[in-house]
Amino acid sequence: MMVENVGRKDHSHPIYTYINSNSQSDNTSNQITQDSRLANDIISITQIHTDIVSSSLAHLNPTQGPGLANEMRSITHESSTSNEKATSASKPLHTVIQMTEDNDRDEQECWSAYIHRHGKNTGLALKRNIVSVGLPTAVREYVRRSVLPVLFDKLPQAAPVSLGAIALATPIALQLIGLARDIHAGTITQKSLSSRLKNIALALGTGTALVATGGLSVAVNSLIAAVFSYVPLRDLSQYFLQLQDNNQGGFRFEPTSKSAAAYMVNQMTADQGMNMLVHTLTPIIGELAANMLGRALINIAGETVDELTNRGFHATSYNNPELNFDLRFRPGNERTLKTAYNQLFDTLAGRATLFSSATAGCFAAQKGDFRDSMVVGAILAIGYIPFIYTHDKKELIKLPATMV
């Protein structure tokens, strides 16, 4: 009877009833741990059953018994394999979830560090520009709109035009002195020579256009205020208050040219923004204060964007994924005649060329609309690259602490 039941694999047997009931439970359960426990119980019971059947068959039919016993062991092996698969299947799911959580955490930390770093850089650039751009801009507007009109009322009529001509000639003179100094010191390079000649050509061209169109008398106040108040104050403050970065290496044309294109758009937008903000503030605080405050605020914003753009393009060029700014007061051992002359005949000469040329070009065009802003932006973009490469020397070159 026992042999017959085993041979037919009677599923009414209590052992098979237990297996079937638990197999159904296994199909409907979603808890991997419970499935594994039940499978282990099944394996144990099936193993016991197999051993009992094998011992019984060994006495009754030595030939048939082992085959049936092996069949039962096969069932046991399949159950064990299923259990192992269920157990192993649970591991990848847990691993994937853990990896996903880790990746999400890492991504959040990366974004947090990225935002913190750029916020810090922007804050440092703003601090420096409030002092080196905002204050000189306010002074420029005060000199242009309040001091010079009163002064020129007391001087002969030829005085303003003469001072305007001096303002046009000053950048050219500074470039020539800087060129002679570079040649004498043996630090001149092909790029710095080319840049100085381009600066001289830009100043001559725009100045000639201004005189030819008869706009010099109108542009006098703006020229004098830009060349003799804004530029000196800005470069003096930036000589002492230095904004540095962790870019390594010299100048590269591609990021510099990208910065020049961006600066053109930057200054076109800034010029229009200044006009709009001044128009808004004038009824509230008066024309003079509106020009001093409005133009200073927009200029701070525009120059801060340029700092981030220029240094950011160079960081990308140098594969520097973590651009960091540092703001410091120039130490005493760096306050020498050499560094002062570099600031005067390289940086200040280049900046004076930029702003005198942009002012002369704008008043030569005298369109009175957005086209004036386009002229200003185009001239500043043309002079941007020569301004940068004027600092190219036959010595260790780093990005200048003072940018346009």
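This is a predicted model: local features need pLDDT of at least 70, side-chain atom pairs count only at pLDDT 80 or more; totals for chains, interfaces and linings use all residues.
**Overall composition**

The protein chain has 404 residues, and buried residues account for 43% of them. Its secondary structure consists of 11 helices and two strands. In sequence order, the elements of the protein chain run α-α-α-α-α-α-α-β-α-α-β-α-α.

**Helix pairs**

| Helix pair | Axes come within | Crossing angle | Handedness |
|---|---|---|---|
| H6 (residues 190-212) and H11 (residues 370-389) | 7 Å | roughly 150° | left-handed |
| H7 (residues 216-240) and H10 (residues 337-365) | 9 Å | roughly 150° | right-handed |

Angles over 145 degrees count as roughly antiparallel. The axes of H6 and H11 cross at roughly 150°, and these two helices are therefore roughly antiparallel to each other. The axes of H7 and H10 also cross at roughly 150°, which makes H7 roughly antiparallel to H10. As for handedness, the crossing of H6 and H11 is left-handed, whereas H7 passes H10 in a right-handed crossing.

**Surface patch**

Leu151, Leu155, Leu163, Ile166 and Phe228 make a nonpolar surface patch of about 390 Å². One of these residues, Ile166, lies in helix H5, which spans residues 158-185. Patch residues need over 30% relative accessible area. Ile166 has a relative accessible area of 44% and is partly exposed.

Definitions and conventions. Residues are numbered from 1 along each chain as its sequence is written. Side-chain values use heavy atoms; hydrogens and water are left out. Patches are made of residues with over 30% relative accessible area and no salt bridge: like charges are joined within 9 Å, nonpolar side chains (Val, Leu, Ile, Met, Phe, Trp, Tyr) within 5 Å. Accessible areas come from the Shrake-Rupley method with a 1.4 Å probe; for residues, only the protein chains shown count as cover. A salt bridge is a side-chain nitrogen of Lys or Arg within 4 Å of a carboxyl oxygen of Asp or Glu. Helices (H or I, at least four residues) and strands (E, at least two) are DSSP runs, numbered from the N terminus. Buried means under 20% relative accessible area, exposed over 50%, partly exposed in between (1.4 Å probe, protein chains only). Axes are lines fitted to C-alpha atoms, for helices over the stretch in contact, and angles run from 0 to 180 degrees between N-to-C directions. Angles under 35 degrees count as roughly parallel, over 145 as roughly antiparallel, 65 to 115 as roughly perpendicular and the rest as oblique. A crossing is left-handed if the near helix is turned anticlockwise from the far one by less than a right angle, and right-handed if clockwise.
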